[in-house]
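This report is for a reader who is meeting this structure for the first time. Please look over the sequence and the 3D view before reading on.

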Amino acid sequence: MNCLLCNGQVDQGLTLSQILSFQALTTDSVCSACRRQFSPLNRVKTCRLCGRKLLAAMPDPCLDCEKWRRGFPYPFASRSLYEYNDAMREFMKRYKFMGDYRLRAVFSPILKAELRTTHRLIVPIPVHESTMATRGFNQVTGLLESLKLCECLATREQQKTGRQSAKNRLTRVLAEQPFKLKPDTQAQITAKPVVLVDDVYTTGTTIRHAAGLLMAAGAASVVGLTLAR
Amino acid sequence: MINHISELYGRQIKLSDLSEELQHHPDIHVRPALAKIAGRWVCTRCQAKLKPTLAGLPSGQFYCYECIQMGRMDTLQGLATVDEPNRFAAVKHPMSWRGHLTALQAACAQQIVEVFKDHRRHLLWAVTGAGKTEMLFPTIEWAIRHGLRIGIASPRVDVCIELFPRIQAAFDGVSSVLLHGKSEAPYQYCQITVCTTHQLLRFYHAFDVMVIDEVDVFPFSGNPMLHTAVSNAIKPSGGLLYLTATPDRSLLRAVKSGYLSVGYLPIRYHGHLLPEVTIIKLPKIAAQIKESRLPGQVMTMIGRLVAAKQRFLLFVPTIQDLQRVGAAISREKIRCRYETVFSADPKRLEKVAAMRSRSLDFLITTTILERGVTFPGIDVLVLKADDRIFSSAALVQIAGRVGRNSERPGGQVLLYCSTRSSSVKACDRQIKQMNQKARQLS
């Protein structure tokens, strides 16, 4: 089997613990050299609200999250699995923008393992219909393939919202809600804890839009999980 | 975005890359990007037979995962082509090259012209430093005089980059273009196209004269997609020439079965023999390099070469070994200037240029510099020459870096290894055989 990213041989070296574990042998879809290019966030200090890697001098929660706390009406925390470094940028380019759907296998086992034990309803961030038509897939549901999902969100056409100058930046950003609840899905989320899943957390606006919508619709609580931050 | 119809002559381009206006041009043929043949999706561009489990998308569409790096082909796409019109301005004296071919080179060159006149397929098996590029010139001149379109492709981008200026200089009144994945320059319809073999996926029945240089090298060898790209890029009436110093088994099989005709040139352009290799057995070399140390004998040799101002290339099998060997040399405090290079090195081209301009004493390199590069008057050292990475072809090519100019036609090729592996022995044998053939000729 060849590496999905560099097409080189995947080294299938067997370790002693694998032999003694008596478990089915799973081979990675990516070679170890490519895998090492990604930088996991689970062993470093991260912001407890947005999951970014914290440098020594940064407060926890980070300054961005302080701002969000003042402007966003609901409690919300999000976690990410990897740093958005060069390797992740290149991965996203190939998976999402060039549209190589096979590459979902690079991270789907990891993301699915992360969600296997959750008691929360798993809600993926949707993509726009036109994107779905040309790309042919939603990059988030691709990563969650075979998990039970609650796809209650849809995108909606952007509309002009009032006098922009009257609002400050944060409320303005939040007023431009890009999502809507699909008809007849409110009952599914009422009083339920929810985990929202997205591919990349950049400014945090997208995932908060979705979180705000779900909270307003009656979700008990919402947390976020993204592949990269 | 493609705006002008000439950019589609002899090409196959995603319909969505064409301007709105051009999409409705009457000369354009559009084929579906994926076609169902005998119940199976096949990519029109790269001809890959697709596995339904991998090619399917949740939207119900299918896509080709084989040639996706050239832009995705899927069931919503079309592939646009305009028939090659050979619309080139007539050039009175196409060749500006004023050099001369030796009698042996001229004979091979004439053979190549005949191949293309007869629309055949041919392999020119010429030793490293035989002057393969110059031997193409009579063919190119003939083709230009007849208004034919010429494509010269190589699997290695470095080879293309080194080849292009030489072609351009030799035919300075003729339109030419260089295409590869990293080039920023836009595509132009030209009589001479120099490109990587991947770029050929964007051509369809374009070239009357098609030359593939360094044909035995990764990623071309054993890659059916690139072989398809070549046969699609040639006109049905076109001819094909393969060039290499080290043909692999599949090429030799094609010769044996009569699919390819073959010409040999066992002697270098300056008439001197190939430098033969010296095999030096150092049983502990692998273990020592692993501890970032070098055998004393190797270190002494490096010191002696640097002191004598004899420049050289130091080949190692892996990127990890680059650092280890570099560390060992810097610990030794030899006064020398060197760099390490590997394929993904962002400064690779600059370091190679520094070596060429003599501002370095040596380069420590992986097999990336095994071919297509010329540094006059160098020696070559190979560490762990018995490593799997060094195939016999790679070693022959590495040895071929030495003695390429007539001022210093000799030079040393030192293979350091713990065992005489079959590749090391095969390299030694092949060079001796070629020299044997050369002696018979002269």
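The model is predicted. Chain B is split into three parts: domain 1 covers residues 5-81, domain 2 covers 103-265, and domain 3 covers 278-441.

A record also describes part of this chain. In an unreviewed entry, UniProt lists residues 113-265 of chain B under "domain: Helicase ATP-binding".

| Item, domain 1 and domain 2 of chain B | Value |
|---|---|
| Separation of centres, over C-alpha atoms | 26 Å |
| Area buried between the domains | about 1,500 Å² |
| Residue pairs in polar contact (both at pLDDT 80 or more) | seven residue pairs |
| Salt bridges | zero salt bridges |

Which residues form this interface? On the domain 1 side of chain B, 16 residues are in contact with 14 residues of domain 2 of chain B. Carbon and sulfur atoms account for 58% of the area buried between domain 1 and domain 2 of chain B. Three residues, Arg11(B), Gln12(B) and Met70(B), contribute 39% of what domain 1 of chain B buries against domain 2 of chain B, more than any other three residues.

The side of domain 1 of chain B that touches domain 2 of chain B is made up of five nonpolar, six polar and five charged residues. Between domain 1 and domain 2 of chain B there are zero salt bridges, while seven residue pairs are in polar contact, both residues being at pLDDT 80 or more.

Methods. Residues numbered from 1 in each chain as written. Chains lettered and ligands numbered in written order. Predicted model: local features only at pLDDT ≥ 70, side-chain atom pairs only at ≥ 80, totals over all residues. Heavy atoms only, no water. Domains from an automatic or database assignment. Contact = heavy atoms within 4.5 Å. Buried area = accessible area lost by both parts, 1.4 Å probe. Salt bridge = Lys/Arg side-chain N within 4 Å of Asp/Glu carboxyl O. Polar contact = N/O pair within 3.5 Å; in protein donor to acceptor, adjacent residues only side chain to side chain. Nonpolar A, V, L, I, M, F, W, Y, C, P; charged D, E, K, R; others polar. UniProt positions renumbered as here; feature names shortened; annotations may be inferred.
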